[in-house]
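This briefing covers a predicted model, topic by topic. The sequence and structure come before the notes.

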Amino acid sequence: MSYRIPKDDDVAKAIDNCLSRTPRVRSQTVLYELVLTELMCVDESFRISNERIRRIGLERGLFDIEIRYAHKPGTVPYNKCPVCKGELESVRNRTLDWKTVELSRSCKKCGYSAKSDACRPARYIITRRGFRGKD
């Protein structure tokens with residue numbers, strides 16, 4: 001069976017429609033299912049990935065994202081942000097003997113912050129931009 005990849009505008013419209021009905025989504029997987037259902041109403045052969053939905057939503061400013069982290073011992077494994085693929089900026093501090101140490105890495109685009117104990121994104125809580133509802 002063949003499939004089609006939807007245009008960014010179609011995906012943005014589907015995200016907006018889904019978040020207008022459900023303004024707070026508790027995980028990326030739930031958002032994926034909602035958006036895919038919305039896209040399949042337009043064309044049943046549309047297919048899309050979780051990551052592309054997240055990236056388009058962040059680029060277009062359709063939603064705010066709250067990141068829950070999982071900790072794993074070791075160093076921060078990323079040079080690019082795992083959430084939005086933006087640049088991670090190093091937050092450094094000087095020690096008493098004038099050496100510098102990296103405290104964390106953070107992304108200015110989406111708010112991802114990786115501490116020295118290797119924070120990995122574990123869950124995304126997605127909220128429609130401007131929505132101020134109860135949790």
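In strand 6, Thr127 is the bridge partner of Arg24. Helices and strands here are DSSP runs numbered from the N terminus, with at least four residues (H or I) for a helix and at least two (E) for a strand. The model is predicted: local features need pLDDT of at least 70 and side-chain atom pairs count only at pLDDT 80 or more, while totals for chains, interfaces and linings use all residues. Residues are numbered from 1 along each chain as its sequence is written, and side-chain values use heavy atoms, leaving out hydrogens and water.

**Sheet**
- Strand 1 and strand 6 (residues 119-128) run antiparallel and are joined by 2 bridges.
- The open sheet has 3 strands in the order 1-6-2, with antiparallel pairing; two strands pair if DSSP finds at least two bridges between them.
- Strand 1 (24-25) and strand 2 (63-71) are the edge strands, each pairing on one side only.
- Helix 1 (residues 8-21) packs on this sheet and touches strand 1, strand 2 and strand 6, where contact means heavy atoms within 4.5 Å.
- The direction of helix 1 makes about 75° with that of strand 6; axes are lines fitted to C-alpha atoms, for helices over the stretch in contact, and angles run from 0 to 180 degrees between N-to-C directions.

**Helix 1 against helix 2**
- The two helices pack at an angle of about 115°, and their axes are 9 Å apart.
- Residues of helix 1 in this contact include Asp10, Ala14, Ile15 and Arg21, and those of helix 2 include Leu31, Val35 and Glu38.
- By class, the contact has 9 nonpolar, 1 polar and 3 charged residues; Ala, Val, Leu, Ile, Met, Phe, Trp, Tyr, Cys and Pro count as nonpolar, Asp, Glu, Lys and Arg as charged, and the others, Gly among them, as polar.

**Helix 3**
- In helix 3 (residues 50-60), Arg52, Ile53, Arg54, Ile56, Gly57 and Leu58 are buried, that is, under 20% relative accessible area with a 1.4 Å probe and protein chains only.
- Their cover includes helix 1, helix 2 (28-42), strand 2 and strand 6.

**Nonpolar core**
- Ile15, Val83 and Tyr112 touch the most other members of the largest nonpolar core, which has 31 residues; such a core is a set of buried Ala, Val, Leu, Ile, Met, Phe, Trp, Tyr and Cys residues joined through side-chain atoms within 4.5 Å.
- Helix 1 gives the most to this core, with 6 residues.
- Not counting residues up to four places away in sequence, Ile15 touches Val35, Ile53, Ile56, Gly57, Leu62 and Phe63.

Note on methods:
Buried < 20%, exposed > 50% of the residue type's maximum accessible area, 1.4 Å probe, protein only.
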